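Let's take a walk through a protein fold, one piece at a time. Have the picture handy and follow along.

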Amino acid sequence: MSTRPTVVLILQARMGSTRLPGKSMMDLAGAPLVGRIIERVKRCKRVDEIVLATTRKAEDDVLEELARSYGISVFRGSENDLVDRYYQAAKVFNADVIVRVPADNPAAEPSEIDRVILYHLQSDNDFSTNYPDVLDNGYPDGIGAEVFNFEALERVWETATDPRNREHPHTNFYEHPERFKVGTIECPPEFRRPDLVLDVNTREEYEFMAELYEYLYPRNPQFHITDVIEWYDNVYQPGQT
């Protein structure tokens, strides 16, 4: 009998984003933003299942339809209690290890998500990440993931009471080193660019990402972070359309 843990990547998305409402369905080179993320994370080799976790609100029906059109599973839960949404989704899909990817990272890098999953599985961490704000790891912002054990998430679900910590699951791990072991990995030197922000939280960031996709996607739908850096350094001209 195999004892390999079940790894479930949970992609959180909703239409009611505070800073940029409807961003999940905004166009990137002919497909919705969330669809582009799904395309990329489906290339991960260390993930057993991909689940789009959204809310129960009617406005998010479109996200369920989109996810099913891409052939991935769907979970619908709390709008603002992300700890509960992740916990309930993880229970439904029997996750031993959860990989968290927010739906504002349309340049997520599958190989680096796989790398942080492997690192986590080989460690005794409760929580592992290759997001850039951890221990000066040098990563660009928006290409990685957070990886945590179901048991650790369950402890957070049972004990976290602050609304901010219920809305932002990762803060529960970062803020309690006495309870959870947190680790990161170093960014490979060829794309160590912590100055590069590839999130989409504002209209300006969306327009930047749309320009990136218009250039890179037709040339190579599976573009790598090194392609992004090449475009950014040598092609992109801020302020021009």
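What follows looks at a sheet, some of its strand pairs, and the helices beside them. Keep in mind that this is a predicted model.

## The sheet as a whole

Start with the strands. There are 7 of them in an open sheet, and if you read across it you get the order β5-β4-β1-β6-β8-β7-β9. The pairing is mixed. At the edges sit β5 (73-77) and β9 (182-184), each of which pairs on one side only. On average, neighbouring strands here are turned by 25° against each other, ignoring direction.

What holds a sheet like this together? In general, strands of a sheet pair through backbone hydrogen bonds, and they can do so either parallel or antiparallel.

## Parallel neighbours around β4

Now zoom in on β4. On one side, β1 and β4 run parallel and are joined by 5 bridges. If you want a spot to look for, find Val8: its bridge partner in β4 is Glu49.

β4 also runs parallel to β5, and again 5 bridges join the pair. Here you can look for Val51, which stands opposite Ser73 in β5. Is β4 mostly enclosed or mostly open? Of its 7 residues, 6 are buried, so β4 is largely enclosed by the rest of the structure.

## An antiparallel pair

Strand β7 (residues 127-129) pairs with strand β8 (residues 146-149) in the antiparallel sense, over 3 bridges.

Helix α3 packs on it, touching β1 (7-12), β4 (49-55), β5, β6 (97-102) and β8. The direction of α3 makes about 140° with that of β1.

## Two helices that cross

Helix α3 (residues 82-92) has a helix partner too: its axis and that of helix α5 (residues 150-159) come within 10 Å and cross at roughly 140°. How do you describe an angle like that? Roughly antiparallel would need an angle over 145 degrees, and α3 and α5 are therefore oblique to each other. The crossing of α3 past α5 is left-handed.

Which residues actually meet? From α3 come Val83, Asp84, Tyr86, Tyr87, Gln88, Ala90 and Lys91, and from α5 come Phe150, Leu153, Glu154, Val156 and Trp157. Sorted by class, this contact has 8 nonpolar, 1 polar and 3 charged residues.

How values were computed:
Residues are numbered from 1 along each chain as its sequence is written. This is a predicted model: local features need pLDDT of at least 70, side-chain atom pairs count only at pLDDT 80 or more; totals for chains, interfaces and linings use all residues. Side-chain values use heavy atoms; hydrogens and water are left out. Axes are lines fitted to C-alpha atoms, for helices over the stretch in contact, and angles run from 0 to 180 degrees between N-to-C directions. Helices (H or I, at least four residues) and strands (E, at least two) are DSSP runs, numbered from the N terminus. Angles under 35 degrees count as roughly parallel, over 145 as roughly antiparallel, 65 to 115 as roughly perpendicular and the rest as oblique. A crossing is left-handed if the near helix is turned anticlockwise from the far one by less than a right angle, and right-handed if clockwise. Contact means heavy atoms within 4.5 Å. Ala, Val, Leu, Ile, Met, Phe, Trp, Tyr, Cys and Pro count as nonpolar, Asp, Glu, Lys and Arg as charged, and the others, Gly among them, as polar. Two strands pair if DSSP finds at least two bridges between them. Buried means under 20% relative accessible area, exposed over 50%, partly exposed in between (1.4 Å probe, protein chains only).
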